[in-house]
Amino acid sequence: MTTARAADERAVAAFAEDWARLLRGGQGAAMHPVALRRLVKRTSALLHQAQQHEGAFDTAPAAEAGALLVDHHFTDPDLLARAIQLLQTSELSPALSGAFAAGWAAALRERTLREQEAIRLAADTARRDAERALRESEARFRALFESAAIGIGIGDVEGNILAVNKALQEIFGARPEDMRGRRVNDLVHPEDTPGVWEAYEELVSGKREHFQFDKPYYRADGEVVWTHLTVSLIRDDEGTPVYQVAMLEDITDRYRLQERLRHQATHDPLTGLPNRSAFFERLEALFESPEPGARFGLCYVDLDGFKVVNDSLGHEMGDQLLAAVALRLETALRPLGHLVARLGGDEFVVLLEDCRGEQEAVAAAKTVLAALAKPVPIDGHRLAVGASVGVLERPVAATTPLAAVRAADLTLYRAKEEGRGRWTLFDPQRNARAVSRYAVSVRMPVALDRGEFFIDYQPLCDLASGRLAAVEALVRWRHPQLGVLGPDEFIGTAEETGLIMPLGRWVLEQACGQAADWVARFGDRAPQVNVNLAVRQVRNAGLVGDIDRILRSTGLDPARLQLEITESAVVGPEDESLRSLHSLVDLGVSLAVDDFGTGWSNLAYLRDLPVSCLKIAGSFVSDLKESGKEQVLGWRIVGGLVSLAHTLGLTVTAEGVENADHARRLREMGCDRAQGWYFGRPARPEEIVRRIIGTDVR
């Protein structure tokens, strides 16, 4: 190899390396290395091919090298400038760079023309597709707009109606020309809620995109049509509101059905008046956000004598009477702006909203009584029906809906107790007592299970010897809210509810068990135990069996148990309960008549009762405090009762003895025993034990 040839090869290798470095820095950085190497090799070979055969120059290979770079996306003008600079500084022919640049430029121009043509063709195709799609879209929209089952209307944001479809014309019963050109604001209805038009103003101003409401409209014939309205906002490309689209579905049939169902759910089917549910809904609405100082009134109405009509003439006649009464009340009170509702049965209620005071509530009650003053003619009968009315007038802030109704109801029963056919005004103090009684009756069923009852024992003194002869068992109730209650505060309720039966058995079990314990500890010094029997207990067929079981289970001698009954417990000699009393005496238990002198029973009944003791009512003795003629007469009555009892072979116990003078007088007239605060108040069993261990009580 000659020295010149070796130099040429070194020059070619150096150029190839510089050329590869140039291409790698441009588009070649994104090419796969293998593809880039092939491109470098091919273009480098073409550039050397352009100059061969003793310096002869061929431009075609150089131009092909330039075009080849363009084909491989080497189109950066900066790359072209650096490529030309490299070619000019190499040992290749100076004309080579011009041929390369010409080939590169020609290829780039051709490529640009192809791309422009492709873009033009694509634009034409896109335009034709868009025009076709627009025509198809308009056709679909027109078909949808015209044949839609729901009404569609288009308007501008100024509120002008621009187009309506056939369904919307049918909803309004109008022609297209009747609708187009009208304003949306013309389509108002008195039953529109303010929220509809507030939402509409927000929509056309661009503050919201859509809204929905159930809204009524007037048809062209004046009829009302109910619709489900949906309104949407249409904006242009810049986001500016330009149109509003309203879609209306006719829901008139559904709305009327819902109204009928709602009316049936809130109105009494017999009288057509609002029912209990509707009344409480209206009442509770008064309490949601009342104005300061707001007041209201209730008239709780119950018919007098309605049961007689129902039982004697039949329920159908009773229903007609209720319907007639409801009509009278509605006619008399609705013009005054008061709500009349039927709560059930023969009970009605009048609600006075924004009541101006007790006088207005009382006036409403008088209106009720006046409306029912005349007989009601039904099927040839003239039915006289009156009413009792409980009147409540209160500040809204002073009570609750349920408490108000309960107070009015309790006031109504006071009106009935006071003679019927009248109104009675709410009394807070009497209501409080009634509520306490209600609380007692609610709590009592579980009080026994929770151990809330206990027994105190009140001493009975033998007046001749002064010793403790007996104790009376008095049940107490440790109520968790009301404190300790005496028997006068809950025994009446227990008798009314029937709870006296389990309570009475519990008292007998506790008292007999305590008495047996005292006998075991103190023998003959242990006192007799007296237990009161309620009327319902005396008349219960299982009384004898209960007492026999209790005596056996506790081991108490029957002679140490005395049962106290009231005069009203036995009506007469034929009373079934009289047999039970004889059976108790046969067991060995003694009987006493409690509170003797306060009842109205025939004194001859004492001959038939198997009693051994009379207890003179405490009122006879405790009232003998003042001197004078009345005191003398009172002592004569007490003396007469003592004599009567002794004549019948009965012992006598005086109740209510509060001082030594009364004890002395009773002793002098022959009274056998006495009890009262002078001899000791009711006490716990431990205190009775101390008295048993001690000497005389007084």
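E655 forms a salt bridge with K615, their closest N and O atoms lying 3.6 Å apart. E655 sits in the loop between β22 (651-654) and α23 (660-668), while K615 is in strand β21 (residues 613-616), so the pair ties together parts that are 40 residues apart in sequence. The model is predicted. It holds 30 salt bridges and zero disulfides.

**The E655–K615 pair**

- E655 is buried, with a relative accessible area of 10%.
- K615 counts as buried too, at 0% relative accessibility.

**Other salt bridges**

- Side chains of opposite charge can pair when their charged atoms come close.
- E452 pairs with R443 in a salt bridge, and the closest N and O atoms are 2.2 Å apart.
- Both E452 and R443 are buried.
- E687 forms a salt bridge with R690, with 2.4 Å between the closest N and O atoms.
- E687 and R690 are three residues apart in helix α24 (residues 685-693), so about one helical turn separates them.
- E687 is partly exposed, with a relative accessible area of 24%.
- R690 is exposed, and its relative accessible area is 52%.
- One network joins E472, E564, K615 and E655 through salt bridges that share partners.

- Which cysteine sulfur is closest to the sulfur of C299? The closest belongs to C355, at 8.3 Å.
- A disulfide needs two cysteine sulfur atoms within 2.5 Å, so the sulfur of C355 is too far from that of C299 for a bond.
- C299 counts as buried, at 0% relative accessibility.
- C671 is in no disulfide either. The nearest cysteine sulfur, that of C613, is 8.7 Å away.
- C671 is buried as well, at 5% relative accessibility.

**Helix α5**

- Where is A102 placed? A102 is in helix α5, which covers residues 95-147.
- Is A102 buried, exposed or partly exposed? A102 is partly exposed, with a relative accessible area of 45%.
- A102 and A130 are 28 residues apart along the chain. Their C-alpha atoms are separated by 41 Å.

Methods:
Residues are numbered from 1 along each chain as its sequence is written. This is a predicted model: local features need pLDDT of at least 70, side-chain atom pairs count only at pLDDT 80 or more; totals for chains, interfaces and linings use all residues. Side-chain values use heavy atoms; hydrogens and water are left out. Helices (H or I, at least four residues) and strands (E, at least two) are DSSP runs, numbered from the N terminus. Buried means under 20% relative accessible area, exposed over 50%, partly exposed in between (1.4 Å probe, protein chains only). A salt bridge is a side-chain nitrogen of Lys or Arg within 4 Å of a carboxyl oxygen of Asp or Glu.
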